[in-house]
Structures are given as structure tokens and as C-alpha cells.
Amino acid sequence: IMSSTLTTTTLEAPLPASTLKGNDIIHNISRDRLMDLIHSISENQETPQPFYLLDLGTVERLMHSWKHSLPTTKPFYAVKCNPNPALLAALALLGANFDCASQAEIETILGLGVSPDRILYANPCKAVSHIKYAASVGVNLTTFDSKGEIEKIKQWHPKCALLLRIKIANDHTSWRPLGTKFGALSDEILPLLSEAHLSGLKVEGVSFHVGSKASDSAIYRDAIAAARDVFEAASKLGMPSMQVLNIGGGFKDNSLFSEIGKTVNEAIKDMEAAATAPLSVMAEPGRFFAETVFTLVTNVFGKRVRGDRREYWIENGIYGAFNPTAYDRSFMAFKPLLLSDHRSKEDEDSCGMLWPSTIFGPTCDAMDVVATDCKLPELQVNDLVVFYNMGAYTASAGTKFNGFDTLSTPTHLAYTRLS
Ligand code: PLP
């Protein structure tokens, strides 16, 4: 095991998955052994500090699952969700493409040796400097949803093909709808298509995002139907170049995923049957590939006892990986790991007792609370708290607030095979 990232420079040709295996990666371990692994990593630390464990075996399994459920839909991993270099390298090796939203994200992906035609610049409103950069490195596909964006792209990157991002009415079926900020409204679609066409830009297709954590597969069916209407409208305007359908993100690694797969595949089949040209289907999954593959291990560095209550401090909080807890605690799943050599006689006696407990983050903000009203066994300073499913919009949205640098938490790599 190494606290390292994969540094792979030539990823142009897909490399065999075995390339991921090296001395720094643990092979064929079961989920149960993760805890042993965590123990051994923490025992080898000179000073206790938090770390992530990235399970590359699960990344591989998720890619199989994607290919099984959505065989004709090319995944463009949404880098914003978690730009961990080892995750990106693994996804690149497994054949994923990438959704980048900024110059820095494009630089990161190109830096892995991924070719620019595997990148979609999926941000409907871009700064001119970023557009110029995309032009200079040959990233030639982007999204748009406004007249102003057409003008910028025409001026600074006229070779760039476009996908019209449309707004999807999804207020009830997604946990975090994106339509308030993004997507052309229905009465804006025709004017935008005409404007882009008249400007000499190539509109290649339609994109949408149903919102993060979609809870109903029908939302994809309805969104694809709306996209299909746009294809028909474009054809009436004499725009023959439409062939790309981008179904965005919103997927989770759960039982709904295969149902979404069936719904999407059926809708694509219907659309293809009615189309005059072959359809190229893509998606922008973020959470699907990142959420479950990261485990965050934190060490308790402070403790206070107030009557029955136990209060603990850990070295990551709402200004770091726990920023999603500001709007959602449903992803939180954690388990304390008691290190036996710290146990006192009283602890042993109270073994099995659970105490009402709070876990604080490290900063001086009183809002920096990771978990409240949970029942935990008696923990001691240097015990560990292991948080599962910590890969989506966690580290990527972290900060250095108050001098607590949550961005440099090291990542250890594991390779687990569950089968
Ligand atoms: N694509 C775009 C344009 C997004 O804004 C997002 C998330 O905000 C994603 C893809 C990834 O979404 P998810 O993580 O829900 O799959």
C-alpha cells in the first residue's frame, strides 16, 4: 500500500486492467478486510492523520455495471464530482471519457494522456479565456443554452461543435435539480438553434441533466422525449448535423440504476428507429463512479465528556469532505474503529455501552458539526471513525478554511474483488 496517486502518462491506447496492479495495491481483499487494512495503514502512520481509501476494484465493478446496463451509452465521467488522480487514471484505463467544466479540469485530463476528443466541455456558460484554451488544445465539443454563448464560441472557437442543453422539469424526482440555473426553456429552443445555425456553428445534438440522485427512471424517458422533439425541430430548420444525445448524470450505484438502464435503452431504441442518421449517445455520470469507491478514515483528536454526552473532534468537517451534509445527511454511514491498545479498564467494563455522541469538525465555526445525536461506544483520542461512501462532491468541494487543509488528505489505494 502506498499513499500515492497513479502517475500514468500514456493512456491513449486502453491499457489492460492488470496495469492497475502493482506493489502499491492490495489484491483480492473482501469488504471485511477493509477494516484490517485501515488498521494497518493507521498503525504505520507516524502521527495520526485522516486518509482516504480508494477501492479500485469497485471502480472496475462499476464500469462493468455501466456497460451491462447502458451498453450503447458512452460515459463521460464528471470530473467535478471527484478529481482524485488515481480515480481519474483508473477510469481512463477502463475506457471512460470525461466531462470537464473548466480549463483546469481539461488540463488535468489532458495531463493523464487522454486525447482531447475524449473530453466534453460540459459547461453551458464559459469564460472567454477558458474557451480560448479549449480551442488551443482541440477540445471541440461543448454545451450551450444562451445566445451570448453562441457569440463567444463563434468568435473564439468556431470549430467547436455544440450540444444544446435543455431544461428538464425535475423538481420532484431529483434531490438536487439543476434546471433553475441551466438549460434552454422550451420557447428558447428554436431561436437558439436558428441562431447557432446562422452563425455557422455545428449543433450536433442535445444534452440535459435530470438533477443529482434521480429517484425515478421515468424522468429519463421524459427527458429523452423532450430531446427528441428538439432533434425534430432542428431537422425542420434544415440542420442535418444532429446526432448526439447526451443524457447527463444523476445516477447512483443502487438498484434503480438497472431500471434506469432499461428505460433509457428503450427510449434510445425508439428514437433510433425514427431517426434518419445513427445516434451517438453519451452521459455524464459523476456520483455513480465516485460515491461508493472512497472511504474516509478520520482520527479522533479531541474529546469532551458532559454527563452522559460524549463529544469528539475529528480532522475533517463541513469545510471539507462533509460539505454535502449542509444539505443532505442521507449519504452518511460511519463506523467507529476502536484501537484496543488505548482501552482502559473502565472502557473494557463499559464495553457494549452506547453513548449519545456528537462529532465536530476541526474549525472554529460552531456550525462545523459532522454528526449529532448518534449513539457511539466510548471513543478515545486516536481512535478512528470510518466514513463510507465519501467520494461524491466531498473532497472536490473542500477548502483550507481556518488553516485546515482538507484538500491534501492522502489517498491509499486498495483493489478489492468481491466475487
Ligand atoms: N454534468 C453536469 C453538467 C453537472 O452539472 C453534474 C453535476 O452537477 C454532473 C454531470 C454529474 O452529476 P451526477 O454526479 O449527479 O451524476
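Let's start with a helix pair: Ile189, Leu190 and Leu193 in H7 meet Val230, Ala233 and Ala234 in H8. Contact here means C-beta atoms, placed from the backbone, within 7 Å. Helices are DSSP runs of H or I with at least four residues, strands are E runs with at least two, and both are numbered from the N terminus.

A word on the source. This is a predicted model; local features need pLDDT of at least 70, side-chain atom pairs count only at pLDDT 80 or more, and totals for chains, interfaces and linings use all residues. Residues are numbered from 1 along each chain as its sequence is written.

The contact of H7 with H8 has 6 nonpolar residues, no polar and no charged. Nonpolar covers Ala, Val, Leu, Ile, Met, Phe, Trp, Tyr, Cys and Pro; charged covers Asp, Glu, Lys and Arg; the others, Gly among them, are polar.

Next, the domains. The assignment, automatic or from a database, gives domain 1 as 17-55 + 291-416 and domain 2 as 58-289. Between them, 17 residues of domain 1 are in contact with 17 residues of domain 2. On the domain 1 side, strand S2 (51-55) and strand S19 (411-416) each give two or more residues. S19 provides the largest share, 3 residues. By class, that side has 8 nonpolar, 6 polar and 3 charged residues.

How values were computed: Two residues are in contact if their C-beta atoms, placed from the backbone, lie within 7 Å.
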